[in-house]
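Please keep the sequence and the model in view while reading.

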Amino acid sequence: KILSILMSNPDPLGVLERAASEGPNALESLSMDSSIAQKLAEYAKRIVKVKEYSGKLEFQLQTSKKGGANLIRDALIELENFLNSKNVKNRVYVVAAPRYACEIVSEKPKSINTLLKEIPVKLKDIAARLGLKLTLDST
């Protein structure tokens with residue numbers, strides 16, 4: 001029955017990819033029993049490798065203010081929270097102070113491109129609000 005449901009779809013491999021990345025909810029539109037959808041999604045996660053795209057941005061944050069390390073930490077946490085709200089895998093880290101980087105990973109290349117444009121704007125906002133000097137690295 002599962003095979004006939006999948007094969008009745010014009011893109012059966014796409015269905016499995018969506019099940020691997022989104023879980024059983026991606027199979028609801030196929031009129032599949034929820035327990036079968038759950039098992040198929042688990043199986044799809046094991047056998048289907050969903051392509052991921054990544055992007056990286058390096059930048060410098062500096063300040064001569066008292067408590068500057070805390071301000072920079074707060075800026076990095078705020079950037080991380082911003083990225084978490086965008087539902088992408090991310091990592092914000094110290095390269096070697098005052099150099100920092102953020103890496104983002106998503107299954108949607110458009111998300112990466114959009115975020116690589118939004119991150120500098122967000123960083124400028126954060127730096128201005130906290131009184132930090134921001135330098136965006138060109139890579």
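Which residue in E3 is the bridge partner of Lys89? In this predicted model, the partner of Lys89 is Val105 of E3.

The pairing itself may be taken next. Strand E1, residues 53–62, pairs with E3 in the antiparallel sense, and eight bridges connect them. E2 and E3 likewise run antiparallel, joined by seven bridges. E2 and E3 also form a hairpin, with two residues between them.

Strand E2 covers residues 89–96 and strand E3 covers residues 99–106, and Pro98 lies in the loop between them. The peptide bond that joins Ala97 to Pro98 is cis, with an omega of about 10°.

Asn87 belongs to the loop between helix H4, residues 68–85, and E2. Although Asn87 is not a glycine, its phi is positive, at about 55°. Is Asn87 buried or exposed? The relative accessibility of Asn87 is 71%, so the residue counts as exposed, because the cut-off for that class is over 50%.

These details can now be placed in the whole chain. The chain contains five helices and four strands, and from the N terminus on the elements follow the order α-α-α-β-α-β-β-α-β.

The overall dimensions come next. What is the radius of gyration of the chain? The value is 21 Å, whereas a compact globule of 139 residues would have one near 14 Å. Along the principal axes, the C-alpha atoms fill a box of roughly 65 × 25 × 20 Å. Of the 139 residues, 38% count as buried. Among contacts with a separation of 6 or more, 62% are between residues 24 or more positions apart.

The accessible surface of the chain amounts to about 8800 Å², and carbon and sulfur atoms account for 52% of it. The chain carries 22 positive and 16 negative side chains, and 4 Å separates the centres of the two sets.

Terms used
Residues numbered from 1 in each chain as written. Predicted model: local features only at pLDDT ≥ 70, side-chain atom pairs only at ≥ 80, totals over all residues. Heavy atoms only, no water. Rg over C-alpha atoms; globule rule 2.2 N^0.38 Å. Buried < 20%, exposed > 50% of the residue type's maximum accessible area, 1.4 Å probe, protein only. Contact = heavy atoms within 4.5 Å. Areas by Shrake-Rupley, 256 points an atom, 1.4 Å probe, with all protein chains shown as cover. Lys, Arg positive; Asp, Glu negative; His and termini not counted. Charge placed at Lys NZ, Arg CZ, Asp CG, Glu CD. Pairing = 2+ DSSP bridges.
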